[in-house]
Each structure stands twice: as structure tokens, then as C-alpha cells.
Amino acid sequence: MHAVILAGGSGTRFWPLSREQAPKQMLNVFGQDSLLIGALDRAQQMLDAQACEGQIHIVVGQSLLDELRNHVLAHPKWGSASINYIVEPAARNTAPALALAAALVERCDEDGCIVMLPADHLTEDGPRWVETMGVAIDAAADGSLVTIGLVPTGPETGFGYIESDSAHTKQTDSVSSALPVIRFVEKPDHDTAVEYLSAGNFYWNSGMLVARADAILTQLEEAQIAHPDAPSAAGNNDMVKAARLLAADSRDEAALEDFKQLAKEPFDKAALELSSKVKVVPTSIDWSDVGSLLALEVLTQPNERGTRVIGQGVDVDSTNTTNYSSHRMVATLGLHDTIVVDTADATLVAAKDRAQDVRLIVDELTRRGAPETKQSQTSKRPWGSWTMLTRGIGYQVKEIEVMPGQSLSLQKHQQRSEHWIVIEGTATVEIDGQASQIGPSQSVFIPMDALHRLSNNHDSILRIVEVAAGAYLGEDDIERFDDQYARITGVEA
């Protein structure tokens, strides 16, 4: 068994909570842990239930690899786990990503079965989850592509639907057997969704998939042969070829370039909607694709006016409004059908019926080069965390927390100097081979190009304020020489 978690999404519809280097799968808005950690937990639960050897893979782009890996390393349970990171040469949507994962699994395990899970969904775990995936795994043994369909609870217009050849008849929490799929349907209008609900054989498309690795690749190839006029399958053979070449040699320059030139196709369009070997397992597990900021509404019940206040806010006389604030007091007055999301460095105010269009704001901010699309204010690290306090042209100020017994990498910067001021605890500072200890209210200067390391060799937390100055302050201005977490040179400490 191979759990493949697709974690390359940017989450633009969840801005300002989601950022390019901290997308929604890394947010812990919906619980103590992030959506990605939740996906890892479910993957392990599924592997344990199958009582067989298994491997967890995370598919992620190069630009997000180290940020995401730091996020996993910082978790007490997953920091020491064996996870295989599959790095996409370029973001090309789910079909190329899944093809690459399938080619790698096929190469190391020719009979391998893949359970593909999105990293940014909110999904129930426990017995019903295990039973659902067990039915799907059994159904995939014959080479079928097996989807997970949610039994609809209402005429939802925001989801795609799967039509099967028969209705889900069980009235209990048990999972029925896998059913043949007739077709996939795009997001319907309300009247059509009502018809689907009444018919009883339509299910919400969860985006989860179970299939043998070789079946994924074969069905991609057969989709192009069977549907030569389908634009969504026109590049499938090239996709499979590039994926297999990269699985054999990840440094194959020709294969890397071919992968980068692939069309951005979702697996649904490239294979599922065109294949005759697709099944659906209907299930009633709780699930949300966290598709927009409206998903925040699950965090609290509305008042008598339909308004929700989450966090630090206060509201007077607003109706059907959501006020979310993570850092400070946000007051709303007399709003209607509005969502307000406030973070430390950005605030969004939007009409609820435009929640799906938040990516347009991100597009405009990106066009302007605004830093608020890139990095969130706080970032977890295996040694602790850092929080951006302020930044401007040529400088930035961070608060850094280092957990007891932890250490940053031995590193240097080519384009900035740093000044460290200890706020709490005792810091062990190494600069060009010379070590010293500094306590509260003491400071130290790290010149540009100096080889340095910050460590906390004590039993209490270490907090420092770091003032960095230089012409370039990007997180890629780090050359790493030694790191206890075995991370890659050229990324954040």
C-alpha cells in the first residue's frame, strides 16, 4: 500500500489566511493540527488497518518543498517519520502529479496500490473512514480506478457529482460496495442539484482515488487512444513517458523539460471522465474540500441574525456575515452577506457570493509584487518558529523562538547582516568558529558572509529578536553547511 498525498496546491481562494509559502494545507485553522497533518494521520490509520507494509509519499513542488517539510518536521508525531517527498519539476495539476507518483511506485513496487488523498481537505477519520478505504482498496484490485463519492446531504451547487448505475440503498453508517460509474458531472445549478438528490444515484466527488499504480498509467494511455479527439487526454502518452523517465532518473534533463511542458490537466479530465473502468464507493463520512473562506463557518454556530464572530471580533446588527480575526479586535457594523477575514498583515472584506473569486485579489497583488501573497507572518520550523514583526525596504524584524535542546543550521548569508537581541532564555551563538553565550537584554552582531549558528542548549525556551539588514532579504539567501534535520542547502534556516 502506498498513500500519496497531493500537497502542491497554493490555496489562493483562502487568502489572506493562505499564502504561497504557507498554503491552506499547512494551516491549523480547523483544529490543533493542520489539514496536511490530518491527511498524514488518516493515511497512517488506513495503512495500519490494512495490516501490510506501506509507505507515505507527499507530492510537492520544489518551491514549497522545504517550507512544507519544515512544517512536518516540527510536528511531534511526524517529525521523525519516514516520508518520501516526490518533487514535481513544475506545477502541472493533478494528472501529471499523480502520474509521477504512480511511475515511482510502479518502479519500486510493481504490484503497488495507491490511495491518493488531497492534503487540503477536512475529512472524518475513524472506523467509517477505514471501512470506506478498505472497500475501495478491494475494488481496485482488478485494475479499476476507484473514486470516493459522498452521499449528498443537500442540493449542493459547489461540488462536482459522480453518477453511478445504482443508488446507495443502505440507511446505516455502513459503506456499500463499489458501484460502476456512468459519468462525472460539473458543478450543477440548484434545480439540477435537487434532481440529483432525488435520483439517489449521484454522489459528491471527493477528489480521493484508489488504484493500482500500473492502472493509473495504463488508463491515462488508454484514454488518449480511445478518445483521440479529447483535448484533455491529448498529452497523456507524453505525460506517462516523462513520468517513467523521471522515476528512473530524477536528473534526466530531457525528461525534466518534457514534464515542464506538459499541459495543466486534472486527473478527472485526463482519465477518470474518459475511462470505462471507473467505480465509486458511496460513503457518508463527514467531509469538506475547504474550497473557499466560507468553510470557516463550520468553526462556530451563527447568532439569531445568521452572523458568526470567530476570534477577536465584535459585531453589531450584521446579518449573514462572518467576522474572523486571528490577531486583533475587528468590529463589524450593519453588514449583510459579507465575510471579513483579518490577519496580522492583511485584511479581506468580500461579499459572500464572491468567495470563490478571492483568487482575483491574489492575482492583482501578485501583479503588484505585494509580499502579502508569499509568506505568512509565522512559520514553524523543526527547531521552533519565527514570526515576522515588521519589514521595509532593506530591513526586516523577526521574533525567533528556539525550543530547548534545538539548534538552527550552521549557515551564512551573502546579502544581509543580522543583529540578535535575546529577550528570554540563554542563546549559544557561534560566529566563524567562536562560541559565546548571551542572556536577556544582550545582543550580538552577525556580519554578512559570517558562518554562524544559533542554539538553545538549556531547558527553557529561547526568544530573540532578529533585525536583518541588506539589499536582499529573501529566504533563499541561506547557504547551509551543517543541519541536524538533514535539510537542503539554500532554503530557510
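I searched the whole structure for disulfides (cysteine sulfur atoms within 2.5 Å) and found zero. Cysteine 108 is in none, and the nearest cysteine sulfur, on cysteine 113, sits 13 Å away. Cysteine 108 counts as exposed at 58% relative accessibility, while cysteine 113 is buried at 9%. My cut-offs: buried is under 20% relative accessible area, exposed over 50%, partly exposed in between (1.4 Å probe, protein chains only).

A note on the source: this is a predicted model, where local features need pLDDT of at least 70, side-chain atom pairs count only at pLDDT 80 or more, and totals for chains, interfaces and linings use all residues. Residues are numbered from 1 along each chain as its sequence is written, and side-chain values use heavy atoms, with hydrogens and water left out.

Next, salt bridges (a side-chain nitrogen of Lys or Arg within 4 Å of a carboxyl oxygen of Asp or Glu): I get 31. Lysine 77 pairs with aspartate 41, closest N and O atoms 3.2 Å apart. Lysine 77 is in the loop between helix H2 (62–73) and strand S3 (83–88) and aspartate 41 in helix H1 (residues 35–50), so this pair ties together parts 36 residues apart in sequence. Helices (H or I, at least four residues) and strands (E, at least two) are DSSP runs, numbered from the N terminus. Lysine 77 is partly exposed at 45%, and so is aspartate 41 at 23%.

I also looked up glutamate 186 and lysine 269, which meet in a salt bridge at 2.5 Å, N to O. Last entry: Glu399, Glu401, Glu424 and Arg463 are linked in a salt-bridge network.
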